[in-house]
Amino acid sequence: MAFNILRRFQSVTTGIGRCSFIQNGQCLLQCIASHSRQLHLPCDYMKSSHCATRRFKIHSDSQKMYFSTIKDHPYLSGISVCLHEDTSDRIRSASKQSTIMDQEVFLDRLHGCVSAKQVFKLLASLETMSDTVAALALQRIAVLEHDQNGLKNPEAVLENDVFKALCFQFEHDSQRLTDAGLVTALHACTQLYVDPWSTLMVRLVSESQERLDRGPMAIKNLCILGEALLALEGPGCGMLKQVMDQVQEQGVEEWSPEEVTMVYNMLQAGVGESGQYQDLLNTLNSFTISIAPKLNPESISHILNALVVLNQTQAIPLVISLCKHSVRHVPRFSDEELVLLLGAFMHFGQSDRYFIEALERYVPKSTFTMNPEAVSKVMQYCSRRQILSRPIFDSVAQSFVYRADTLSTSQIARQIMPFGKLNYLPPNAGGLFRRVEGILRDRFSQFQPRTLLNLLHSCTLIERFPVNFVAKVFSPYFLQQLEAQGTGLDRIVLAQLTQLFMTVKLECPFYEGPKLHSKYRVKSFQTPGRSLESPVDGHLYNRVKTGLIDLLGARIYFASRVLTPYCYTLDVEIKLDEEGYVLPATHHEEVYKRIAVCIDGQKRFCANSHNFLGKEAIKKRHLKLLGYEVVQIPFYEFEKLHDRNDTVEYLHKKIFPHSYRLSW
């Protein structure tokens, strides 16, 4: 039987007693529930007579439970000394006058811990703590020790004496734990990959089942329990269905913002996969709009991330509302929360002028201290939404020069590519691209082939030519690597290779290295979906076409959407003879000059300015080098024309600025 927790990381036994039974056809939690009463297994760790472990004892006070540390040191007066195996009457309850650290103060100190060692030191310094606090400490350890591969150092955590003592107390007093302490301890243990068949886990799960059977638990506790069950057995768990039934029985309108966030997190963790509980999600999405002003930065980022994971494309009103209310929180988002926020905005195609202005106030002051992933996500967001923010781009360019050595290859690409895509050179462009060249020279082999191609191609858009690396890109070895990665040599990859080849041929005539083999070249840069050319705006084209007919006298004197031998597509082509007369579009002889009329709609510019996108800039550059006279008709000029006469006059001045206009 494969459990999720075992798939993610091999379970580490901590010396905690293990259950030895299993029944065919029964899931883990069913076995635990049905056999829990048969368990009377002793804790079999820390049996050595030389054990000097601190013990934690539960105290009942006004129905609350507390752990008190019994310190095993002969020089500590007023506190009973007891080894683990010596559980005699010498253990005394902590005095009622014992100071109990205020929970909020403890949580602040706990949050300030940056390693499991610090957490253990903090726990060892306490005389008394509640079971909830102890469980939260375990949870904090799990957060600190987690990385993408599991636990950083499992032995240092699971073999720690304080950890063992806490586990011992949770195991033997599971029935006396508060609901919050119980479910938080279980959740923490799953995150620490404690053996699911250990006596500790068996008793925690069994007690959780009994609490569920007795009646409704609080929403917070249900959510924590749900995530723990998901980690143990996945979305098919029977207990999890019982948890969700109790969640749905409680009115959403009565939930606090924190509880709403926790339900989203649980659904995102796997409960809501494959469209399950969509009715609950629909209700939750509608209700969350009404409480959006009350949400804190953490809740906003987590809810948005849940909407992405659960693919709630119908929840755009909620996304818009959260975007609106996130503006005032921009300086207070942590780097991790900002990454989630921007990822969601990219997923749903959301951008907001006030949000961008908030980023422009915050990011330039923080680029040198922000997590590199957060900086990369900011640049990726600007690139995806085609937002040219000079304050952000300039500050990122400056920080890149100093921090490049600490960046991953993916982060390097995501921070540099937007400069090419949005056709912008920062004030320190010289130093920036010398730094990029140095990185490519030292770390060329570390880049994924497709990432490297994207990076080099983006540099050519702004006339930063990677001549020293083109030979490697055109080599059979690199092309084979490129073909083996991801979707292989798809249309966009072949188009990028072709344009890179054309750029070197047209703009770097001194290059004498290998050329791109003809089989890797495309005939057109326009492809469905992502393209190296923006298609002409249909509405703007029709208006210009009407004006051209009035100007030239007939439709035969210009051609539309002309594919050139150089892969580019012309919106309009006009041919002239040597004397400057317009030739019919079908005429192929005696053509002295070709005019490429670029009808530039709004999508050919950055979203918030009249700055051409990089792919449009390189197209116009190449057409001029190929001998075309390029005439640009930008939308923001054409939209100012009021009537037919204005249109004809405008086109005449644009296309034939040095000739008189004839009236037809």
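How many of the 13 residues of H22 are buried? Twelve are, so the helix is largely enclosed by the rest of the structure. The legends below concern a predicted model.

**Figure 1. Overview of the predicted model.** The protein contains 29 helices and ten strands. Of its 664 residues, 55% count as buried. Among contacts with a separation of 6 or more, 72% are made by residues 24 or more positions apart. The accessible surface comes to about 31,000 Å², and carbon and sulfur atoms contribute 50% of that area.

Figure 2. After H22 comes Glu 463, which has a positive phi near 60°.

**Figure 3. Strand S9 (residues 593-600) and the strands paired with it, S7 and S10.** Six of the eight residues of S9 are buried, and the strand is thus mostly covered. Strand S7 (residues 569-576) runs antiparallel to S9, and five bridges join the two. Within this pairing, Val 572 stands opposite Val 597 of S9. Strand S10 (residues 629-634) runs parallel to S9 and is joined to it by six bridges. Ala 596 has Val 630 in S10 as its bridge partner. From S9 the chain crosses through H27 to S10, in a β-α-β crossover that is right-handed.

**Figure 4. The hairpin of strands S6 and S7.** Strand S6 (residues 559-563) and S7 run antiparallel and are joined by four bridges. The bridge partner of Ser 560 in S7 is Val 572, the residue that also stands opposite Val 597 in S9. Five residues lie between the strands of the hairpin. In this hairpin, Cys 567 takes a positive phi near 80°.

**Figure 5. The salt bridge of Arg 203 and Glu 171.** A search of the whole structure finds 23 salt bridges. In the one shown here, the side chains of Arg 203 and Glu 171 meet with an N to O distance of 3.9 Å. Arg 203 lies in helix H9 (residues 199-214) and Glu 171 in helix H7 (residues 161-172), so the pair ties together parts that are 32 residues apart in sequence. Which accessibility class do Arg 203 and Glu 171 fall into, buried or exposed? Buried means under 20% relative accessible area. Arg 203 has a relative accessible area of 16% and is therefore buried, and Glu 171, at 1%, likewise counts as buried.

**Figure 6. The salt bridge of Asp 405 and Arg 435.** The closest N and O atoms of this pair are 3.1 Å apart. Asp 405 sits in the loop between helix H19 (390-403) and H20, whereas Arg 435 belongs to helix H21. The pair links distant parts of the chain, 30 residues apart. Asp 405 is exposed, with a relative accessible area of 58%. Arg 435, at 21% relative accessibility, counts as partly exposed.

Figure 7. Arg 594 lies in strand S9 and Glu 573 in strand S7, 21 residues apart, and the pair links distant parts of the chain. These two strands are also joined by the five bridges of their antiparallel pairing. Arg 594 counts as partly exposed at 29% relative accessibility, whereas Glu 573 is buried at 6%.

Terms used
Residues are numbered from 1 along each chain as its sequence is written. This is a predicted model: local features need pLDDT of at least 70, side-chain atom pairs count only at pLDDT 80 or more; totals for chains, interfaces and linings use all residues. Side-chain values use heavy atoms; hydrogens and water are left out. Buried means under 20% relative accessible area, exposed over 50%, partly exposed in between (1.4 Å probe, protein chains only). Two strands pair if DSSP finds at least two bridges between them. A crossover is right-handed if, with the strands pointing away from the viewer, the path from the first strand over the helix to the second runs clockwise. A salt bridge is a side-chain nitrogen of Lys or Arg within 4 Å of a carboxyl oxygen of Asp or Glu. Contact means heavy atoms within 4.5 Å. Accessible areas come from the Shrake-Rupley method with a 1.4 Å probe; for residues, only the protein chains shown count as cover.
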